[in-house]
Amino acid sequence: MKNCDLSTIITALGGRQALQDLLGVGPSAVSNYLARGTLPQRALGPVCEAVRARGYHIDPASLEIIGHQDAGAGAGRGMREGMRGGMRGGMLRRVLLIVGGGIAAYKALEVARRLQDHDITVTGVMTGGAQQFITPLSLSALTGEKAYTDLFSLTDEAEMGHIRLARETDLVLVVPATANLMARAAHGLADDLATTILLATTAPVMIAPAMNQAMWGHPATQENLARLRARGILTIGPDDGGMACGEEGTGRLSDPQEIVAAVLDQLGRGDGALSGRHALVTSGPTVEPIDPVRFIANRSSGKQGHAIAAALARQGARVTLVSGPVTLPPPPAVDLVEVETARQMLAACEAALPADIAVCAAAVADWHVADAGASKMKKQEGAPPPALALTENPDILKTLSTHADRPRLVVGFAAETESLYENAAAKLGRKGCDWIVANQVAGDEGDTVFGSDSNAAMLLTGNESENWPRMPKAEIADRLASRIGAHFT
Ligand code: C5P
């Protein structure tokens, strides 16, 4: 008998059936090998040969799979997809997919399938509720692995103890995360296999919520969500739109392809140029109260700042996104800190230090109301309108640029109506930041910058500048993130 990481080998071979066929054994023999984590001596030669025939490099002494021929070749599937996720540096990645009990459970099957397109091994776990919608057989047929359902199953425990199941994975993914599952996870319950895994795992956890819009909007769910996020649990969605129950609103499961992209981003994080770096990004507007019901704010959708946070995460950075109120969902794989006022934004930024990079993309209000009342200002018949006394807000970009714990690279934004280069260069000096991304916000270009999906920009890095033509904000974000990545390598 030879000890080995048999699940990885099985994935490399193309599933359990392939191993059974190769060795001429039945499913129970493979279950026994898996339970013991060993292969019989006679299997070693054929397994090495078959794994190599599928393009993998295997160490015959340890039976460790050490890469794929495409991974270093710079061409084809292995390299491109590998760097984004499944075959990271030629290594196989694993996702433990917990399926919750909602109507969107059937979409988890699509997610399971598509993850495997990226050479990711998927092991399924289902809640009792999930089994009302799809069967363990469907999930195991699609993953080529056993689908686990029961915390107290002796057979399951003999094959793979639940703690091992929770630990031997690169990511735990919950699709769909129902209101009930989120509530149980938020409160640390461990009353079934799924919640026990969520408590026992040391891997990152990503949840894709899906539920009726009223359930999603309920303060109980929102509090549970906030708790989960505060613990570093990553979220993807939910989206807006029509639901199975016939209602419209926020609560639809994100598109399976988007979930897969978020998983690939998360799994690929360790490879990027910014791996091991901490990036702080501000985004959205700030909202400054006049009284408890009125406020001063500005036009900012947060699209550019959120896209930059997502792009930096794709480059491998750990990202803290400090955002004013926006309607955008938080990008996957970032730590979101939600604030309202400029003063709160500054406090959240300072609390997030130290950081290697700061990108200030927020449209911070210049002033706040000096004596914002605790009660609503009354309109008095015949009296003149009240005068608002304004006080200057802190300049977050400037504060970070001159901070004792200054990030190594500080990037600001400039919205200019004229003399783009001159004004942006002057702002660079005034704020003390290292780079400025400047937009022309008047005339032909400017009319469409706010809230739009595209932008034209000029990047100033010290004395040098480059013009970026109009392109989607996500592409501007990718360009900036790669420039930042190059700066750190
Ligand atoms: O001074 P101005 O608003 O034109 O500068 C824009 C840049 O400064 C942006 O990067 C913005 O995020 C940042 N800023 C800030 N805090 C302020 C005002 C602007 O961080 N109070």
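1. Helix 8 (residues 136-143) lies across strand 5 (93-99), strand 6 and strand 7. Helix 8 runs at about 170 degrees to strand 6. Contact here means heavy atoms within 4.5 Å. Axes are lines fitted to C-alpha atoms, for helices over the stretch in contact, with angles from 0 to 180 degrees between N-to-C directions. Helices (H or I, at least four residues) and strands (E, at least two) are DSSP runs, numbered from the N terminus.

2. This is a predicted model: local features need pLDDT of at least 70, side-chain atom pairs count only at pLDDT 80 or more, and totals for chains, interfaces and linings use all residues. Residues are numbered from 1 along each chain as its sequence is written, and side-chain values use heavy atoms, with hydrogens and water left out.

3. The open sheet has 6 strands in the order 7-6-5-8-9-10, with parallel pairing. Two strands pair if DSSP finds at least two bridges between them. Strand 7 (147-148) and strand 10 (234-235) are the edges, each pairing on one side only.

4. Strand 6 (residues 120-126) and strand 7 run parallel and are joined by 2 bridges. G124 has A147 of strand 7 as its bridge partner.

5. The axes of helix 1 (residues 6-13) and helix 2 (residues 16-23) come within 7 Å and cross at roughly 85 degrees. Helix 1 is therefore roughly perpendicular to helix 2 (65 to 115 degrees). L6, I10 and L13 of helix 1 meet R16, A18, L19 and L22 of helix 2.

6. Domain 1 covers 6-88, domain 2 94-267 and domain 3 278-487; the bounds come from an automatic or database domain assignment. The C-alpha centres of domain 1 and domain 2 lie 26 Å apart.

Key: Parallel < 35°, antiparallel > 145°, perpendicular 65-115°, else oblique.
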